[in-house]
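Let me put the sequence and the model up on the screen, and then we can walk through a few places together.

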Amino acid sequence: KVKVYKSFNPNQIKLRKVIGDYVKNENVLFPKIIASDENFIVEKWINGKCFSKLKKNAIEKDTEKVIDFLKKIHFEPDFLDLAKTYKNSFCYLNDYLILRLKPWCQWVPVENLLEEWNKLNIATDSKIQSRISHPDLSLSNLVLGDDNKIYIVDNELLGVGKGWLLDEKNSFFRSQVNIPKLESICNSFYSISWKLRLVGSALDSGDFPRAERMSKFNSFNLK
């Protein structure tokens with residue numbers, strides 16, 4: 001058995017490989033890459049128990065290790081350097097959340113949301129540093145291997161950008177970590193970026209009333 005997934009571009013594959021090497025001796029690992037080309041990655045299948053199948057106390061025992069993993073890729077100098085090197089790999093905000101809303105960009109609630117997000121994205125370019133991001137740390141994407149090591153088994157959204165702000169909020173442990181302390185304009189960007197996710201999920205499920213409710217925001221005055 002193997003796991004195969006499509007990459008966004010060759011740079012994302014390079015980033016996945018180098019980060020896998022960086023964390024190979026850590027508490028949280030990536031599966032070994034068996035093969036890759038410019039479009040696909042083939043990872044070794046990890047035998048073990050998915051976190052979603054573990055008892056609560058077993059999950060709690062290893063939660064801090066996953067939290068530490070995110071802190072490491074967000075803030076440690078080596079990973080900040082990697083973020084600069086692979087800045088054009090994949091961006092969770094631009095290449096996933098924004099693209100998911102593009103088919104609805106002429107629907108007024110989405111049009112207004114995207115316009116406000118673009119405005120705040122530009123305004124925070126010099127205020128929010130691009131970092132490594134992994135926004136997909138759900139219980140179903142983590143496996144406690146037969147070797148008792150923790151593996152992240154779905155890495156299609158691994159990338160670089162401002163999307164790291166939402167990593168904890170996207171994770172299974174979101175209730176156990178604090179919202180980042182940000183200045184006002186950055187906090188507005190954080191909030192409206194999360195709205196991109198909520199609106200996109202609602203539209204994916206065909207729930208237009210919820211999408212419209214979630215799209216509402218308080219405009220930030222940049223003057």
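Which residues of H2 are buried? They are Ile-59, Asp-62, Thr-63, Val-66, Ile-67, Phe-69, Leu-70, Lys-72, Ile-73 and His-74, where buried means under 20% relative accessible area with a 1.4 Å probe and protein chains only. Before going on, a word on the source: this is a predicted model, with local features needing pLDDT of at least 70, side-chain atom pairs counting only at pLDDT 80 or more, and totals for chains, interfaces and linings using all residues. Residues are numbered from 1 along each chain as its sequence is written, and side-chain values use heavy atoms, with hydrogens and water left out.

Back to H2. Helices (H or I, at least four residues) and strands (E, at least two) are DSSP runs, numbered from the N terminus. What covers those buried residues includes strands S2, S6, S7 and S8 along with helices H3 and H6, counting contact as heavy atoms within 4.5 Å. H2 has a kink of about 35°, centred on Asp-62; the bend is the angle between axes fitted to the seven residues ending there and the seven starting there. The end C-alpha atoms of H2 are 29 Å apart, which agrees with the 28 Å that its 20 residues should span at 1.5 Å a residue, taking 1.5 Å times one less than the number of residues.

H2 also gives the largest share of the lining of the second largest pocket, four residues. This pocket has a volume of about 270 Å³, and of its 13 lining residues, Lys-71, Phe-75, Glu-168, Val-177 and Asn-178 lie nearest the centre. On a 1 Å grid over the protein atoms alone, a pocket is an open set of points where a 1.4 Å probe fits, with protein on both sides within 12 Å along at least five of seven lines, and lining residues have an atom within 4 Å of a point. Volume is the space filled by probe spheres set on the points, which are joined across faces, edges and corners.

And the largest pocket? What is its volume? About 350 Å³. Among its 19 lining residues, Phe-30, Pro-31, Lys-32, Ile-33 and Tyr-151 are the closest to the centre, while helix H1 supplies the largest share of the lining, four residues.

Last stop, the backbone. Asn-148, in the loop between S7 and S8, has a positive phi near 65° although it is not glycine. Thanks, and I'm happy to chat!

How values were computed: Buried < 20%, exposed > 50% of the residue type's maximum accessible area, 1.4 Å probe, protein only.
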